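Here are my notes for when you have the model open.

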Amino acid sequence: MRSTISLKDRFTLWLPRLVLSPSLVVVFVGVYLFIVWTGWISLSSSQMVPRYDFVGLEQYLRLWSTPRWETAVANLFIFTILFLAITIAIGLLIAILLDQSIRAEGVLRAVYLYPMALSFIVTGTAWKWILNPDLGIQKVVNGLGWTSFVFDWITRPEYAIYCVVIAAVWQSTGFAMAIFLAGLRGIDNSIIKAAQIEGASLPRTYVSIIIPMLRPAFLSVIVLLSYISIKSFDLVLALTNGGPGSATEMPSTFMFSATFRRNQMGVGAASAMMMLMTVAAIIVPYLYSELRENRNEH
């Protein structure tokens, strides 16, 4: 009887591990092993095909001496700053409005979250039509009688990156709204009532009390949106394909172009590792702060 119970306990103990082991193997091989492989390729002289020699940081020096990569980094900086600022501001505003228990809240929440159900390829294609001067907003407004109206940003190198920002904000605002709304719903209403009793107006209550209490939500949104902006490839590819010229080139599109179009596998791998380092610089401090808070709570 004891051996039967012991066998059952062992089976119960090992069953979750057996179920998870295939996915762990796939993740290890498909993610971490290929990260190591990419890192090694970035230190080799690989071009059209992989080579397994060692040339040190030569590919990284070539990468940072490439004007197209400098353009991609500058575009990423502009895109990330505007994307984060606008998405957080609009998402927080919508979350505060929905937190007032307005009518049809469920319908409005679904409307704002709907863009998240679409892929960035679909979003980029749709906004490519909308922003096209011959098909979209400009043509509609001109047809309504405002013939002097011009909205051709997508065809102008100096403004094309802002078209990518517009599409990305439309896609991700509902995501930021959902996180902020969850944070607001987790705050005790007695805090707002106490502030109102003290004579604080509702806007003052949110600015001075409620919004500072949303620090974990802000941190989560910033980290996740930063990750989205760094790996933005399909949106740029569908919307502008990196153009006009290289006006909307991003590190992700540069990596793809260098590896598969210009036969510079080593440079492409180096750019991929630079993106990985950037993501790690954002994710690691976030994980550290979360683990530190959990330890303090216990």
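1. Terms first: on a 1 Å grid over the protein atoms alone, a cavity is a set of points where a 1.4 Å probe fits but cannot get out, while a pocket is an open set with protein on both sides within 12 Å along at least five of seven lines; lining residues have an atom within 4 Å of a point. This is a predicted model, with local features needing pLDDT of at least 70 and side-chain atom pairs counting only at pLDDT 80 or more, whereas totals for chains, interfaces and linings use all residues. Residues are numbered from 1 along each chain as its sequence is written, and side-chain values use heavy atoms, leaving out hydrogens and water.

2. The cavity. The structure holds one cavity of 30 Å³ or more. The largest cavity comes out at about 50 Å³, a volume being the space filled by probe spheres set on the points, with grid points joined across faces, edges and corners. Its lining is F79, F83, F120, A168, I228, S229, S232, D234 and L235. Helix 3 (67-98), helix 10 and helix 11 (234-239) each give at least two residues to that lining; helices (H or I, at least four residues) and strands (E, at least two) are DSSP runs, numbered from the N terminus.

3. The pocket. The largest pocket has a volume of about 690 Å³. Of the 21 residues lining this pocket, I35, T38, M255, A272 and L276 lie nearest its centre. Which helix supplies the largest share of the lining of the largest pocket? Helix 13 does, with eight residues. Helix 1 (2-42), helix 10 (215-230), helix 12 (251-260) and helix 13 (265-297) each supply at least two.

4. A look at T123. T123 sits in helix 5 (residues 120-131). Is T123 buried or exposed? Buried, because its relative accessible area is 1%, and buried means under 20% (exposed is over 50%, partly exposed in between; 1.4 Å probe, protein chains only). The side chains of T123 and Q171 are joined by a polar contact of 2.2 Å; that term means a pair of N or O atoms within 3.5 Å, where within protein one must be able to donate a hydrogen and the other to accept it, and residues adjacent in sequence count only if both atoms are side-chain atoms. Leaving aside residues up to four places away in sequence, T123 touches L118, A167, W170, Q171 and L235, contact being heavy atoms within 4.5 Å. L235 also belongs to the lining of the largest cavity.
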